[in-house]
Amino acid sequence: MRSIISTFVIAAIVIVSDQATKLWAVQTLKDSADIQAIPYILSFTYVENRGAAFGMGQNLRWLFVAVSIVFIVIFCIALFKYKRQNLMVSISAGLILGGTVGNLIDRVLNGYVVDFLQLSFFPPTCNIADYSLTIGVVLLVIYMLFFTDALKSDNPGGKDGNQKYIDGN
């Protein structure tokens with residue numbers, strides 16, 4: 001149960017951070033020029049993204065809302081079904097959940113997602129939710145590839161194999 005609480009605390013931190021920084025971006029950047037925070041590395045650029053990742057699927061707001069809600073429900077069911085998780089899974093799940101909810105709030109309230117973080121070495125303009133989702137997915141993939149015994153098990157499809165995969169024990 002502690003891992004579920006940890007996951008939701010991390011998700012809440014991501015959501016609050018994401019929404020606070022987006023509010024700052026709207027108030028500071030919406031009608032102004034870009035701000036160079038760290039020359040040649042980080043700038044703040046206001047963008048209203050009406051699509052998905054990298055601006056794909058423009059103006060499909062309600063499809064993205066529906067997909068996000070379905071994902072959140074399935075994700076939360078999985079969290080409660082597989083209660084025993086290690087710290088890395090809890091962190092990645094919290095980042096993924098928080099990022100999904102953060103962008104969902106924008107889509108429902110505004111019809112678009114506010115993006116404002118522009119890294120010179122990563123061309124798309126993003127936000128805290130986007131980076132949280134990305135880092136969460138990367139951590140989860142690393143965990144699944146390198147820290148689970150299920151892929152190495154002689155019986156990955158059996159009862160013990162599934163338990164090992166989820167628990168990492």
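User: How many residues lie between E1 and E2 in the hairpin, and which residue in the turn has a positive phi?

Analyst: This is a predicted model, in which local features need pLDDT of at least 70, side-chain atom pairs count only at pLDDT 80 or more, and totals for chains, interfaces and linings use all residues. Residues are numbered from 1 along each chain as its sequence is written, and side-chain values use heavy atoms, with hydrogens and water left out. Strands (E, at least two residues) and helices (H or I, at least four) are DSSP runs numbered from the N terminus. The hairpin has 3 residues between E1 and E2, and Tyr40 in the turn has a positive phi of about 70°.

User: Which strands pair with E2?

Analyst: Two strands pair if DSSP finds at least two bridges between them. Strand E1 (residues 35–38) runs antiparallel to E2, joined by 3 bridges; Ile35 has Phe44 as its bridge partner. E2 also pairs with strand E3 (residues 113–119), antiparallel over 6 bridges, where Ser43 is partnered by Gln118.

User: Why is E2 described as largely enclosed by the rest of the structure?

Analyst: Buried means under 20% relative accessible area, exposed over 50%, and partly exposed in between (1.4 Å probe, protein chains only). Strand E2 (residues 42–49) is largely enclosed because 6 of its 8 residues are buried.

User: Where is Asn127 found, and is Asn127 buried or exposed?

Analyst: Asn127 sits in the loop between strand E4 (122–126) and helix H4 (128–146). Asn127 is buried, at a relative accessible area of 0%.
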